Amino acid sequence: MRVLNMPLRRWLTLAAVAAASAGAAAQPDYPAKAVRIIAPFPAGSGPDANAREIAAELTRILGQTFFVENRPGASNIIGTEVAAKAPADGYSLYIGTTSSLSVVPHLYAKLPFNAEKDFAPVSLLGVLNTGLVATPGVQAKDARELIAALKARPDSVAVGTAGIGSYSHLSAVWFNNAAGVKTSLVPYNSNSPYTDLLAGQVQLMFDGLPAAASHIRAGKLKLLAITGKERHPSFPDVPTFAEAGLPGYAPIAWQGILAPAGTPKDVLEKLSAAMQKACQSPELAKKWRDYGGELRCNTPAEFTAFIDADRAMWGKVIREAKVRLD
């Protein structure tokens, strides 16, 4: 019986191996059905709008429906876990951000996903420069003058943040340490600080510019400095932080498309090529540029290197700030 059963066992083993590798096999007809993009932020938010715009572009380019599925909550952890555990077949994608993949992994000792191992980067979508936004009542005309004023009078201004460990909070802590100044940090948790910023209850905020751009152009807020190696074309009169004497201060908020680890290589490459074609859209590029950003797509290898460098940078900032959320 053993001799007779050996071929059957071997056949079953080969069949099992073939079935296990089927998910990683080439898929020349991809995509053959609708593709969901899991977004760890709420519908109607700025990142959600960006996700829906790129979904529409991918639908146009690849001829199948790409749609956004919002899974918000718990500092982006809920949606990120869903994406990490999704089938690696190319039909579940994920729009990752600075917060979810570069910042959050350094804030918690235990997470239900591994930011480095559970995802296969597809392409960066774009980057948003961080601005130092102030109320008109702040006398400083730029960051250099603000730093001088804060050294003379520590804690003389209040900085609104979206809560401890948020991008805006960590950007403010990084600024304080880099400039050698003290500000009063006011966490707003789930509430937006912009209402109080516009009312003058807090005087400063560090943030990506989509939420502030219209208020800046209307004169309700002013922009004292912006990250980037050179001045941004949408705000040519605003100096960079490097011009203010802080060349190493470089927080940027990025968004990009990833897939669960194990997704077939040819699928990743096809998606990346489609993303790069989408980045040629003048309309999409203008939207990102208007609010202080840059539409920037790349290859899986380039995106992987980008995330690794960004995660290491934020890890250093968070360790030096001694911020933990567990």
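**Disulfide and aromatic contacts**

One disulfide was counted in this predicted model. The bond joins C279 to C297, with an S to S distance of 2.0 Å. The link of C279 and C297 is right-handed, with 60 degrees about the S-S bond.

Aromatic pairs number 14 in the structure. F206 and Y249 form one of these pairs, in an edge-to-face arrangement with 6.4 Å centre to centre and 70 degrees between the planes. This pair links distant parts of the chain: F206 belongs to strand β7 (residues 204-208), whereas Y249 is found in the loop between β8 (222-226) and β9 (252-260), 43 residues apart. Both F206 and Y249 are buried.

F303 and F306 form a tilted aromatic pair, with 6.5 Å centre to centre and 35 degrees between the planes. Both residues of this pair, F303 and F306, lie in helix α11 (residues 300-321), where they are three residues apart, about one turn of the helix. F303 and F306 are both buried.

Ring pairs also connect Y167, W174, F175, F206, F241, Y249 and W314 into a cluster. A contact between a charge and a ring involves K33, which lies over the face of Y91 at 4.8 Å from the ring centre.

Note on methods. Residues are numbered from 1 along each chain as its sequence is written. This is a predicted model: local features need pLDDT of at least 70, side-chain atom pairs count only at pLDDT 80 or more; totals for chains, interfaces and linings use all residues. Side-chain values use heavy atoms; hydrogens and water are left out. Rings of Phe, Tyr and Trp (its six-membered ring) pair if their centres lie within 6.5 Å; planes under 30 degrees apart count as stacked, over 60 as edge-to-face and the rest as tilted. Helices (H or I, at least four residues) and strands (E, at least two) are DSSP runs, numbered from the N terminus. Buried means under 20% relative accessible area, exposed over 50%, partly exposed in between (1.4 Å probe, protein chains only). A charge sits over a ring if NZ of Lys or CZ of Arg is within 6 Å of the ring centre and within 35 degrees of the ring normal. A disulfide is a pair of cysteine sulfur atoms within 2.5 Å.
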